[in-house]
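Open the model in your viewer and keep the sequence panel beside it. The stops below say what to select next and what is there.

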Amino acid sequence: MGTTKSLCLLIGKFKSSVCMDTVSKQKRSEIMSRIKSRDSKIETLFRKELWKHGFRYRKNVGKYFGKPDIVLKKHKVVIFIDSCFWHGCKKHCRIPSVRKVYWTQKIARNAKRDKEVSKHYKKLGWQIFRVWEHELLKSFDNTTKNIIECFK
Ligand SMILES: [Zn+2]
């Protein structure tokens with residue numbers, strides 16, 4: 001009897017911890033999807049602009065280090081469009097109050113990784129462009145033009 005009871009307690013405990021985790025995961029993906037969908041819109045516009053200018057690219061290529069958003073192999077160019085949130089833009093990154101520590105650490109890790117990725121491509125002799133999402137949102141035409149000019 002005693003064993004059964006403690007087993008139930010254990011399962012109960014386990015269950016609740018699973019539930020808690022699911023809730024916070026849900027919350028997390030909720031936040032993420034909100035942020036991501038906005039990102040991809042501006043990214044798509046940017047890609048279309050490149051295409052219009054005759055650049056043929058590949059996107060989100062897994063085999064390239066750091067998964068660049070755009071790869072122009074012929075030009076030896078990789079382009080990253082950094083979202084203000086995920087990459088910790090000093091001006092716009094607001095850490096959610098829910099799971100603050102988690103987000104702070106995650107974004108700090110992303111920023112560190114960005115630096116490693118940049119180093120990697122510089123070493124290979126590739127050009128790497130990092131575009132802030134806010135630059136594109138603020139002055140899309142100019143930002144796009146400036147980047148294209150750089151590797152024409
Ligand atoms: Zn920003």
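Two residues are in contact if their C-beta atoms, placed from the backbone, lie within 7 Å. This is a predicted model, in which local features need pLDDT of at least 70 and side-chain atom pairs count only at pLDDT 80 or more, while totals for chains, interfaces and linings use all residues. Residues are numbered from 1 along each chain as its sequence is written.

Now colour by secondary structure. The chain has 4 helices and 4 strands, and from the N terminus the elements follow the order α-β-β-β-α-β-α-α. Helices (H or I, at least four residues) and strands (E, at least two) are DSSP runs, numbered from the N terminus.

**The sheet**

Select the 4 strands: they form an open sheet in the order S1-S2-S3-S4, with mixed pairing. Strands of a sheet pair through backbone hydrogen bonds, either parallel or antiparallel. Two strands count as paired if DSSP finds at least two bridges between them. At the edges are strand S1 (58-59) and strand S4 (127-132), each of which pairs on one side only.

Go next to S2 and S3, which pair in the antiparallel sense over 3 bridges. Leu72 has Val77 in S3 as its bridge partner, and Ile70 has Ile79 in S3. The two strands form a hairpin with 4 residues between them. In the turn, select Lys76, which has a positive phi of about 55°.

On to S3 and S4, which pair in the parallel sense over 6 bridges. The chain gets from S3 to S4 through helix H2 (residues 100-124), and this β-α-β crossover is right-handed. A crossover is right-handed if, with the strands pointing away from the viewer, the path from the first strand over the helix to the second runs clockwise. Two bridges to pick out are Ile79 with Phe129 in S4 and Val77 with Gln127 in S4.

Is S3 enclosed or open to the outside? Because 6 of the 6 residues of S3 are buried, the strand is largely enclosed by the rest of the structure. A residue is buried if 20 or more other C-beta atoms lie within 10 Å of its own, exposed if 12 or fewer, and partly exposed in between, with C-beta atoms placed from the backbone. Both faces of S3 are covered: Val77, Ile79 and Ile81 are buried on one side, and Val78, Phe80 and Asp82 on the other. In the chain as a whole, 14% of the 152 residues count as buried.

Which residues make up the largest nonpolar core? Select Phe46, Ile70, Val71, Val77, Val78, Ile79, Phe80, Ile81, Tyr121, Val131, Leu136 and Ile147, which are its 12 residues. A nonpolar core is a set of buried Ala, Val, Leu, Ile, Met, Phe, Trp, Tyr and Cys residues joined through C-beta atoms within 7 Å.

Centre on Ile81. Apart from neighbours within four places in sequence, Ile81 is in contact with Glu43, Phe46, Asp69, Val131, Glu133 and Leu136.

Select Arg58 in strand S1. Arg58 counts as exposed because it has 12 C-beta neighbours inside 10 Å. Its C-alpha atom is 5.2 Å from that of Val71, 13 residues away along the chain.

Move to Glu116 in helix H2. Glu116 is exposed because 10 other C-beta atoms lie within 10 Å. Glu116 and Gly66 are 50 residues apart in sequence, and 8.7 Å apart from C-alpha to C-alpha.

The last stop is Cys150, in helix H4 (residues 140-150). Why does Cys150 count as exposed? Cys150 is exposed because it has 11 other C-beta atoms within 10 Å. From the C-alpha atom of Cys150 to that of Gln127, 23 residues apart along the chain, the separation is 9.4 Å.
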